[in-house]
Amino acid sequence: MRVLAAMSGGVDSAVAAARAVDAGHDVVGVHLALSTAPGALRTGSRGCCSREDADDARRAADVLGIPFYVWDFADRFKEDVIDEFVDAYAEGQTPNPCLTCNEKIKFAALADKAIALGFDALATGHYARLSGGELRRAVDDDKDQSYVLAVLDHAQLSRAMFPCGDTPKPQIRDEAARRGLSVADKPDSHDICFIPTGDTRAFLGARIGIRPGAVVDADSGERLAEHEGVHGFTIGQRKGLGIEAPAADGKPRYVTGIDPESGTVTVGSAEHLQVWTIEAGRAVWTSGQVPDGPVDCVVQVRAHGGLAPARATPVTRDGEARIDIELAQPLTGVARGQAAVLYLPDEDAGDLVIGSGRIIGTSSLAKV
Amino acid sequence: MLPEAVEAMTAVYAHPGNASSLHGSGRRARRRLEESRESIAAALGARPSEVIFTGGGTEADNLAIKGIYRARRAENAARTRIVVSAVEHHAILDPAQWLADNEGAELVVLPVDVTGVVSPDDLRAELAAHAASTALVSVMWANNEVGAIQPITELAALGVEFGVPVHSDAIQAVGHVAVDFAASGLSALSLAAHKFGGPQGTGALLLRRDVACVPLLHGGGHERDIRSGTQDVAGAVGMATALRISTESMESATTRITRLRDRLLDALLDVPGASVNGPVGALRLPGNAHVTFGDCEGDSLLMLLDANGIECSTGSACTAGVARASHVLLAMGFDMAHARGSLRFSLGATTTDADVDAVAQVIGDVVDRARTAGLVSVRGGVRS
């Protein structure tokens with residue numbers, strides 16, 4: 001097969017490309033330039049779009065002896081990922097930009113271009129197992145990225161390859177070192193690639209501006225503090241609430257609600273965070289087949305953690321394919337904008353992804 | 001590299017010597033260095049003392065822009081303007097911009113016409129209004145992307161008329177078209193050896209003796225005190241050898257390469273939606289073919305041609321790490337979509353009819369495929 005290897009400049013995608021070469025494929029490496037700042041490749045900071053990362057990717061491709069190109073997706077990335085990220089925060093959501101990037105850039109714009117140019121598949125360094133169209137958790141549970149890949153539909157997965165999914169990360173590093181790849185001990189990337197300072201609140205503040213509102217007690221309705229915009233808050237957040245006096249009961253307070261219209265951020269005790277039902281939009285059923293009725297599964301509501309047994313029911317509401325999710329036990333920290341990913345547990349082969357949706361609403365009331 | 005240049009350099013490496021040393025090996029090295037200087041001067045209508053060896057073309061350009069600017073301002077602080085064309089290489093634009101950002105320079109950009117050529121009338125108007133506050137003018141001899149040869153003699157004459165030094169980045173021209181430094185009337189001219197079959201990392205600035213230039217590198221006082229640093233004797237020998245051969249064979253090479261270039265252009269322009277960028281005929285560098293294929297992206301074309309064993313480039317090689325739309329094409333009045341769909345083919349001594357045939361055979365299919373890819377990967381079709 002002709003395989004396009006997306007090479008970020010990190011160790012995982014370098015080994016993924018190497019494994020595709022070993023498998024006998026005709027491999028070409030591509031690094032995506034995603035920064036909109038024209039000078040970024042010259043002056044760049046660390047992040048997935050810095051000059052060092054492009055150079056690291058090129059160096060790895062040279063060692064593997066494969067052609068390598070840098071493709072400019074900066075405009076698409078800004079429109080589809082960064083702008084959407086900022087807009088979602090302004091609306092009181094907590095978006096995950098990696099999900100959006102996978103859904104709209106890597107496995108959409110890039111993959112479409114690759115197929116049109118004559119490639120058969122796109123290989124990335126993601127940690128997930130993919131076989132026969134079935135997407136499963138990676139062997140390395142700590143590194144598993146099936147959550148951020150679960151937004152991909154059947155057609156997108158049918159042209160994807162994740163060669164690292166069957167190997168623990170430490171072995172990937174050892175393999176990179178054996179192959180003479182200089183990125184073998186390069187630190188893992190963290191945080192959000194387009195916010196290299198790691199200061200998300202400052203990044204958003206610079207783009208959204210100051211939109212003052214109140215921090216209000218969930219029980220008493222008392223106005224506890226002022227804030228500069230709902231984009232500084234996430235459901236379940238405990239620190240940085242700006243409240244001076246402790247709660248009357250002495251227990252910690254968490255963000256339990258965000259209303260972008262009025263700018264009101266509601267805080268309350270941990271009990272207020274408990275969610276029993278979730279409504280998710282933009283439903284994706286990974287097999288391509290919508291189930292006939294409710295499915296018993298395990299739902300995951302954020303990239304790391306937040307799992308509970310659940311029953312998921314496909315519905316159509318407001319003209320959109322959605323999923324109603326009833327939890328068998330309550331979850332906390334369930335934020336709008338995150339994905340709800342549905343798994344069928346499987347200890348041997350890895351939990352199977354059966355579908356996903358974007359969280360658009362939650363309720364603390366258990367369905368009777 | 002030309003085999004003769006490799007051979008000449010190898011001979012130097014076999015018997016190294018420091019051209020500044022007083023002993024025997026030093027004298028031998030100095031003789032080779034000075035013979036190279038004389039040979040290069042003779043090939044370019046310059047005096048040997050006007051040849052300043054540098055570590056490549058970018059250094060020569062930086063030395064000219066920064067060195068002459070600083071010297072002119074030291075004489076008269078009012079001379080802040082640096083006049084350049086809009087299609088200069090980044091080795092000119094970036095140091096000029098740096099001086100604007102850091103040393104109080106004012107960057108003045110001359111427009112070009114749709115073929116990429118500067119109008120002497122524009123320079124006349126600029127100098128008539130601002131000669132007293134102008135430090136220097138820099139306009140390239142020929143453009144590296146679209147091959148446009150500039151009216152350098154006319155531009156240099158305006159510099160003489162208004163008393164402003166004129167530099168030309170002739171890196172694309174030397175070895176390919178006739179360049180006579182004295183006859184041009186220029187104050188300074190940059191060249192780079194690897195553009196005519198010499199080694200990479202070796203270049204020179206031709207600098208008239210009456211043009212003051214503040215050094216970038218201070219040290220042992222080499223190269224007329226303008227470029228300190230132990231001289232690269234082998235590089236100088238390689239550059240001189242390559243320039244001698246290029247000059248001797250220029251007439252026949254120009255005839256041969258121009259014919260191949262025109263054959264290639266015919267084949268490329270046969271593709272529906274293709275158009276040539278830059279001048280046609282004698283106002284274009286012989287080895288340059290630059291074409292835009294509408295509705296596709298140059299990086300797709302580049303990859304597909306590379307897969308067919310055909311090497312070409314989008315933009316200029318220096319900015320090709322990431323394919324940004326060419327500032328040259330934008331300055332010529334084209335939009336982003338046009339710029340992004342452009343490809344440059346360079347022809348040289350080793351190019352054959354078979355190479356042209358190979359491009360002609362695949363280009364139609366390659367463009368079709370790239371068009372499909374361009375349409376799927378860009379929202380709403382071609383970006384503007």
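Predicted model: local features only at pLDDT ≥ 70, side-chain atom pairs only at ≥ 80, totals over all residues.
Strands here are DSSP runs of E of at least two residues, helices are runs of H or I of at least four, both numbered from the N terminus, and two strands pair if DSSP finds at least two bridges between them.

I then looked up one pair: β2 (residues 81-85) and β4 (residues 134-138) of chain B run parallel over four bridges. B:I82 has B:L136 in β4(B) as its bridge partner.

Residues are numbered from 1 along each chain as its sequence is written, and chains are lettered from A in the order written. Local features need pLDDT of at least 70 and side-chain atom pairs count only at pLDDT 80 or more, while totals for chains, interfaces and linings use all residues.

In chain A I turned to helix α1 (residues 11-22). Eleven of the twelve residues of α1(A) are buried (20 or more other C-beta atoms within 10 Å of their own, C-beta atoms being placed from the backbone). Among the buried ones are A:V11, A:D12 and A:R19. Just after α1(A), I found A:G24 with a positive phi of about 95°.

Last, I recorded the domain assignment of chain A, automatic or from a database: domain 1 (2-185), domain 2 (210-272) and domain 3 (274-363). The C-alpha centres of domains 2 and 3 of chain A are 27 Å apart.
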